[in-house]
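Dear colleague,

I am passing on a structure that will be new to you, and I would be glad if you could look through it alongside my notes.

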Amino acid sequence: MKIFVGLGNPGQKYTNNRHNIGSRVLDEISAIESGKKWYEKFQSEIFELKKIPGKILLIKPQTYMNNSGYAVNAIKHFYKLNNSEITVFHDDLDLAPGKVKIKYDGGHGGHNGLRSIHQFIGNDFARIRIGIGHPGNKEKVANYVLSDFSITDKLWTEPLVKNITSGISYLIDDDYNKFL
């Protein structure tokens, strides 16, 4: 079993925020299986992929970004998962817009969603870092990540989300090089 966690804040007003790109990727992945619905459990929205071999759950914590660890920890313990079965998709200020990298463990880099997950399960899980760029000034970070992508940003975000989705089978097979 594997779980893919898409970090973001719950609610319609946050849907297009830069901070929600991880959650947005999972929405696109779930669209592979039309007609199915997300359900709520463990303070999360959950979607089970059936068309892909193996049990794959998509998880969108509904605890707000800063408390994502509560939901991830509850799911990890219920399904008796190892951290190696958890992959977190999240925005990353330190990467150029549209750049994607994989990190297998390490620090949270100031990301409050990752910080929360670290507090509950440790840091030895995979992350898909999705670059959103930096506003250039540390004082502007909070407003920047909680602002919507611009019209011109959508020129790179839409294809990026689709490309990540098209490579999901490589992530399931732990073939990170092919995924990238």
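This is a predicted model: local features need pLDDT of at least 70, side-chain atom pairs count only at pLDDT 80 or more; totals for chains, interfaces and linings use all residues.

Residues are numbered from 1 along each chain as its sequence is written, and side-chain values use heavy atoms, with hydrogens and water left out.

Strand 1 covers residues 2–6, and five of its five residues are buried; strands (E, at least two residues) and helices (H or I, at least four) are DSSP runs, numbered from the N terminus. Strand 1 runs parallel to strand 4 (residues 56–61), and four bridges join them, two strands being paired if DSSP finds at least two bridges between them. Within that pairing, Phe4 stands opposite Leu58. Strand 1 is also joined by four bridges to strand 5 (residues 86–92), again in parallel, and there Val5 has Val88 as its bridge partner.

**Aromatic rings**

Rings of Phe, Tyr and Trp (its six-membered ring) pair if their centres lie within 6.5 Å, with planes under 30 degrees apart counted as stacked, over 60 as edge-to-face and the rest as tilted; by this rule there are nine aromatic pairs. One of them is edge-to-face because the ring centres of Tyr14 and Tyr64 are 6.1 Å apart and their planes stand at 85°. This pair links distant parts of the chain, since Tyr14 is in the loop between strand 1 and helix 1 (21–30) and Tyr64 in the loop between strand 4 and helix 2 (68–79), 50 residues apart. Tyr14 is buried, at 16% relative accessible area, whereas Tyr64 is partly exposed, at 43%.

Phe42 and Tyr79 also form an edge-to-face pair, 6.4 Å centre to centre with 65° between the planes. Phe42 lies in the loop between strand 2 (39–41) and strand 3 (44–49) and Tyr79 in helix 2, so the pair ties together parts 37 residues apart in sequence. Together with Phe78, these residues form one aromatic cluster.

With regards

Notes:
Buried means under 20% relative accessible area, exposed over 50%, partly exposed in between (1.4 Å probe, protein chains only).
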